[in-house]
Amino acid sequence: MAIFRSLLEVDMYKLTMLRWIQKHFPTLPVTFEFKNRTHQAILGAEIHHRKLYEGVRKIAALRFTAAESLAATELVGGDKQFHDTLSGMILAPISTCNVDQGQFEIWTSGLWPQVTLWETLVLGTVNELYYEGLLQSEGIRPVDAHIEGDRRLSAKIAELRKHPQIKFMEFGTRRAFSRDWQYHVVRRLRDELLPGQLLGCSNVWLAQQLGIKPLGTNAHELQMALLGLYRSQGMGWAEAAKTAVQTVLATWYDMYGEPGALALTDTFGSEFFFTQCFTHELAEKYRGVRQDSGDPFAFGERTVTFYRERGITPQSKIIVFSDGLDLATILKLEERFRGRIQTVFGWGTDLTNDLGFKPLSLVMKLTEAAGKKTVKLSDNLQKATGETADIAALAKAIGYTPVSNEPCRY
């Protein structure tokens, strides 16, 4: 049985980005590569490679149905060209292999529109197979794991109901314990929280099934891909990074307007973003920013100061905190910034994979575009992606200093 049943079981931001990609860079060749950042977790100890291979093979056979193509096109405001792209979508070939020390190499290359959806699909598959294998190897019945998960979820719901001001989006598709568990979690949140607390969920198919809003912003891959593209055209590191960020910001706003205007800040470090890329005009246009690495409290203070220094009322803007959140951190962040700037939370792994097992930090990043290796710096150096020499070269070119250098939690 396939873990993913539909190509709509992807994060909403994959579809909004796919529309943007299809319009602006439909023939850009890219490569995505999988990485397990939880080095102590031996994936091969719990997942037989054949099972992983069969899982991705079944996903590769999926196609958007006529109804799904129409629904996705309407959802992101696409045109006939985008609809036709979905209708004819065949995912790029993907390769998997089991390497030394029981880890996996997974990678895919091709035209960007045919590659991008693999991120959610691979991460969700590996994560679910890992915990399925872990239950079996430890002799734990799924029902017992679910009982513990429900106990923890009930405690979260009870606490959230005491704080009606908390507003969040469920962002847990890529690292959910399982597809069925994610469905169960989101359904309980929908049914048991106070009105207005659960704003929506990232999984498009799940949102449709439960009658809630699919939500998402955009991801690092856009800026990373353009960094590679501009480097291939002869730009230096600093010019390519700045041009990549500002091109994404401008064209994204042109496509999605103010409702979709939430800027991801940390691809090349948030300080570079605030000082070199986020112009006064863009800051006024954009609803707010998304924090995805580093110290969230320091980031919040930096953001409030940024707006104030430019004569923009911080209370009119939003920060979406989305980096490894748990409920305790959410409550502290909301309290710190209450009345100072609007806060929304993108809550993922701790929400959909909290059943008593150590969570994994798995990513699948765009590592090459237009034949050039690309880089993500992040505000936490442990989240950096790219060749060591390239990371160092970009960091030097833009004066990057990491906010933190801590093991990735999720």
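Is Glu301 buried, partly exposed or exposed, and at what relative accessibility? In this predicted model, Glu301 counts as partly exposed, at 26% relative accessibility.

**Close-up 1. The salt bridge between Glu301 and Arg336.** The closest N and O atoms of Glu301 and Arg336 are 3.0 Å apart. Because Glu301 belongs to helix 15 (residues 296-309) and Arg336 to helix 16, the pair ties together parts that lie 35 residues apart in sequence. Arg336 is partly exposed, with a relative accessible area of 37%.

**Close-up 2. The salt bridge between Glu221 and Lys14.** Here the closest N and O atoms are 2.5 Å apart, and since Glu221 lies in helix 11 (residues 221-232) and Lys14 in helix 1 (residues 12-24), the contact ties together parts 207 residues apart in sequence. Glu221 is buried, with a relative accessible area of 4%, and Lys14 is buried at 0%.

**Close-up 3. The salt bridge between Glu128 and Arg179.** The side chains meet at 3.4 Å, N to O, and the pair ties helix 7 (residues 118-138), which holds Glu128, to helix 9 (residues 179-192), which holds Arg179. Glu128 is buried, with a relative accessible area of 13%, as is Arg179, with 3%.

Close-up 4. Strand 4 (residues 168-170) runs parallel to strand 9 and is joined to it by three bridges, with Glu170 opposite Trp347. Strand 8 (residues 318-321) also pairs with strand 9 in the parallel sense, over four bridges, and Ile319 stands opposite Thr343. Together with helix 16 (residues 327-337), strands 8 and 9 make a right-handed β-α-β unit.

Key: Residues are numbered from 1 along each chain as its sequence is written. This is a predicted model: local features need pLDDT of at least 70, side-chain atom pairs count only at pLDDT 80 or more; totals for chains, interfaces and linings use all residues. Side-chain values use heavy atoms; hydrogens and water are left out. Two strands pair if DSSP finds at least two bridges between them. Helices (H or I, at least four residues) and strands (E, at least two) are DSSP runs, numbered from the N terminus. A crossover is right-handed if, with the strands pointing away from the viewer, the path from the first strand over the helix to the second runs clockwise. A salt bridge is a side-chain nitrogen of Lys or Arg within 4 Å of a carboxyl oxygen of Asp or Glu. Buried means under 20% relative accessible area, exposed over 50%, partly exposed in between (1.4 Å probe, protein chains only).
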